[in-house]
Amino acid sequence: MDRRLFLKEGAAGVIALSLASGKVFTACSPSGNSAELPAVHPAGSYDVVVCGGGPAGFIAAIAAARGGARTALVERYGFLGGMATMGYVAPISEFGFAGERVIGGIPWEFIGRLEELGGAFVEWPKGNVDFDIELYKLCAQRMVMEAGVDLFMHSSLIGCELEGNKLVNVFIENKNGLESLAAKRFIDATGDADLCHLAGVPMQPVEDGGVQPSSFCFVLSGVDTDSEMMQQYMHHSGKHGASECKPIREKLLKLKDEGTPLPDFGGPWFNDVMHRGSVAVNITRAAADSTDNRDFTAAECRLREDIFTFTDALRKIAPEFKDCYVASTAPQAGIRESRRILGVHTVTAEEYVSGFKYPDSISRGAHPIDVHAARGSGQEVIRLEQAAYVPYRALITKDFPNLLVAGRCISADRKALASLRVQASCMGLGQAAGTAAAQSIAEGKSVQDTDTSVLVSKLREMGAVI
């Protein structure tokens with residue numbers, strides 16, 4: 001069988017791997033010079049390896065492990081939670097539609113356990129969840145470890161090995177050096193489809209207008225969270241209309257109209273972090289390609305400046321913020337959109353908005369379609385007619401027999417993704433991917449040939465609302 005290796009390309013040249021020399025890396029520079037680097041160390045052989053420990057990934061790892069699969073989880077940061085904890089994206093949206101819960105099972109168990117820790121508050125009828133960022137990290141970690149998942153934190157995914165179109169190994173880099181993880185099934189929950197990209201999986205075309213902008217979220221303390229305005233706008237039950245803080249938005253737009261040089265912004269949205277006097281703020285906005293290191297770095301630098309520009313403006317225009325200060329900035333800017341695979345089925349906005357139910361529906365979505373303008377302060381919102389469905393076929397590709405995806409890199413068009421990218425939806429997709437991975441191993445079948453009727457039954461038994 002043809003064995004192929006794919007690795008990220010660095011500035012110094014392409015890193016090539018020689019299997020014939022005992023898995024020794026050779027770095028080839030543009031000048032033609034080469035030097036041997038340390039050997040790749042096998043770090044483990046698993047049933048399932050999940051790449052990415054965000055809302056989709058850590059739930060997928062728990063589901064796979066509970067399904068009887070020996071599971072490893074790779075995460076580049078030193079904590080789990082993805083956009084919730086490294087992007088400060090709040091609240092966790094949305095578990096409910098018209099007052100009824102549509103995401104269940106392990107994701108809802110996680111919310112329940114987070115509530116017990118004093119780190120979550122569910123706001124009905126939408127089912128948005130306010131959360132404590134640090135307790136989210138702790139609760140996710142506990143559940144993953146209790147499931148028996150092996151954690152590879154502080155580990156960057158740098159490559160993969162294939163036999164034909166079957167993934168054999170992923171390569172990671174950390175303080176232990178260059179390591180390989182072998183598995184029977186792999187789940188890409190990186191958000192940016194990093195593993196799929198390395199493996200050569202076809203991607204959805206970039207649509208007109210580019211990707212949605214990134215936002216660098218942050219926590220402000222010293223805020224009068226007891227005020228009438230903040231009590232109305234930092235909670236997102238839907239009982240008081242739109243989530244964005246209209247009084248502050250109008251004042252900021254007026255400042256811009258009067259000639260104050262304010263950057264582009266969205267919302268703003270203020271979010272409860274379970275601590276009096278503090279709110280998570282989503283206001284900054286910049287077009288950025290998260291898959292391009294230089295572009296994303298430049299965007300984050302601009303956005304960090306914008307955080308303090310807007311904080312200063314808030315102090316001046318709103319008494320609720322007159323004593324506020326930046327208590328913490330997220331480890332990285334939040335990402336709304338990047339790579340999406342071209343799967344066996346692509347979820348379209350038309351299917352999604354109408355609530356079309358597929359024969360292989362494995363999860364739901366409840367958040368409105370929410371497309372943020374790459375430039376300016378605009379936003380397109382399309383309300384769902386009923387809670388949406390997602391088919392299993394959107395988690396797999398045609399030609400890769402042991403690879404699944406979960407989270408915002410699934411096969412969906414741009415507008416459907418603008419709803420599915422939120423955390424509750426990603427958790428539901430992770431639950432389905434992890435369960436399917438374990439099931440396909442037990443059945444001895446490829447992910448394309450997995451019995452979806454059995455999968456749906458298993459998910460329902462776990463508490464999924466499908």
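## Ground rules

Helices (H or I, at least four residues) and strands (E, at least two) are DSSP runs, numbered from the N terminus. What you're looking at is a predicted model, where local features need pLDDT of at least 70, side-chain atom pairs count only at pLDDT 80 or more, and totals for chains, interfaces and linings use all residues. Residues are numbered from 1 along each chain as its sequence is written, and side-chain values use heavy atoms, with hydrogens and water left out.

## A four-stranded sheet

Let's start with an open sheet. Four strands make it up, in the order S17-S18-S16-S19, and their pairing is antiparallel; two strands pair if DSSP finds at least two bridges between them. At the edges sit strand S17 (265-272) and strand S19 (325-329), each pairing on one side only. On average, neighbouring strands here are turned by 30° against each other, direction ignored. Angles like this one run from 0 to 180 degrees between N-to-C directions, with axes as lines fitted to C-alpha atoms, for helices over the stretch in contact.

Zoom in on S17 and strand S18 (residues 278-284): the two pair in the antiparallel sense over five bridges. Aspartate 272 has valine 279, in S18, as its bridge partner.

## Helices across the strands

Helix H6 (residues 246-257) lies across S17 and S18, and runs at about 150° to S17. Helix H7 (residues 293-317) lies across strand S16 (218-221), S17, S18 and S19, and its run is at about 150° to S19.

## Two cis peptide bonds

Now for the loops. In the one between strand S7 (71-74) and strand S8 (96-97) you'll find proline 91. The peptide bond leading from alanine 90 to proline 91 is cis, with omega near -5°.

Proline 125 lies in the loop between strand S10 (120-123) and strand S11 (128-131). Here the peptide bond from tryptophan 124 to proline 125 is cis, with omega near 15°.

## Two positive phi angles

Histidine 154 isn't a glycine, yet it has a positive phi of about 50°. Its place is in the loop between strand S12 (150-152) and strand S13 (156-163). Histidine 154 counts as exposed because its relative accessibility is 55%; exposed means over 50% relative accessible area, buried under 20%, and partly exposed in between (1.4 Å probe, protein chains only).

Alanine 193 isn't a glycine either, and has a positive phi of about 55°. Look for alanine 193 in the loop between strand S15 (177-188) and helix H4 (194-199). With 0% relative accessibility, alanine 193 counts as buried.

Conventions. Contact means heavy atoms within 4.5 Å.
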